[in-house]
Amino acid sequence: MFFEKFREAEARLPAGLIRPAPAAPASALAAAEEALGAPLPGEYASFLRSFDGADLFHEAIVIAGVGERAPASLLALNDDQGGALVFAEAVAGDRFALDADGRVFRLRAGSEERILAGSGFERWLDATIARERLLYGPDGEFAPDVFDEDGEEIAPAVVVRQTERALKVDPGSAGAQHERGLALRRLGRIDKALEAFA
């Protein structure tokens, strides 16, 4: 796998928004698989052979790697998980995990909630970048008018655009549909919100 959309985003977005680590050494990949007692899922392993993890959008999401230069340690994220392989962490503490079928789940911090966030690692990655890049201007800072007046939450119209972009890339993301439904409800578009929730 070549991860063309990821490479394109890294090249085109302002410096620092996407910061991949250099490729993981083969010895580090083998050591991680031995420590975990299982092979790494195919798409994620392929990513690590090119990029040993990545910092996305000023640490909004950090993808773990296996080598010394990785932005986060895959083994540290999986010290007590059992079952799904946790491969990334969001700034709010939510974690992202791959199940046995290669689907991505968002694990909410402090709860048992699991949300289907992607139909596979590469689609999740591309959808995440498509969604998050809408928040930033050409200087790498937040674009004007992306937040509500109080500055606390992303404006619902922006969330709708974000989730629609993400769903074009990965229509299997229940998490993106749910976020879209919440934003549509905030905008008073109840029929469309119900469609998204369904």
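Which residues in α7 meet which residues in α8? I began my notebook with that question, keeping in mind that the model I was looking at is a predicted one.

**Entry on α7 and α8**

I looked up the contact and found that, on the side of α7, the residues are Gln177, His178, Arg180, Gly181, Leu182, Leu184 and Arg185, and that they meet Ile190, Lys192, Ala193, Ala196 and Phe197 in α8. Sorted by class, the residues of this contact divide into six nonpolar, three polar and three charged. I then turned to the geometry, where the axes of α7 and α8 come within 8 Å and cross at roughly 165°. Because angles over 145 degrees count as roughly antiparallel, I wrote down that α7 is roughly antiparallel to α8. I also noted that the crossing of these two helices is left-handed.

**Entry on α7 by itself**

I went back to α7, which runs over residues 174–186 and has 13 residues. From its first C-alpha to its last it reaches 19 Å, which is close to the 18 Å expected at 1.5 Å a residue.

**Entry on α3 and α5**

I then looked at another pair of helices, α3 (residues 42–50) and α5 (residues 121–132), which pack at an angle of about 65° with their axes 8 Å apart. The contact is made by Glu43, Tyr44 and Phe47 of α3, together with Phe121, Glu122 and Leu125 of α5. By class, I recorded four nonpolar, no polar and two charged residues for this contact.

**Entry on Phe3**

Is Phe3 buried or exposed? I had located Phe3 in the segment before α1 (4–12), and its relative accessible area is 0%, so Phe3 is buried. Leaving aside residues up to four places away in sequence, Phe3 touches Glu43, Ser46, Phe47, Phe121, Glu122 and Leu125. Reading this list beside the previous entry, I saw that Glu43 and Phe47 of α3, and Phe121, Glu122 and Leu125 of α5, also take part in the contact of those two helices. Lastly, I noted that Phe3 and Leu13 are 10 residues apart in sequence and 16 Å apart in space, C-alpha to C-alpha.

How values were computed. Residues numbered from 1 in each chain as written. Predicted model: local features only at pLDDT ≥ 70, side-chain atom pairs only at ≥ 80, totals over all residues. Heavy atoms only, no water. Helix = DSSP H or I, 4+ residues; strand = E, 2+ residues; numbered from the N terminus. Expected span 1.5 Å × (residues − 1). Axes fitted to C-alpha atoms, helices over the stretch in contact; angles between N-to-C directions. Contact = heavy atoms within 4.5 Å. Nonpolar A, V, L, I, M, F, W, Y, C, P; charged D, E, K, R; others polar. Parallel < 35°, antiparallel > 145°, perpendicular 65-115°, else oblique. Left-handed = near helix turned anticlockwise from the far one by under 90°. Buried < 20%, exposed > 50% of the residue type's maximum accessible area, 1.4 Å probe, protein only.
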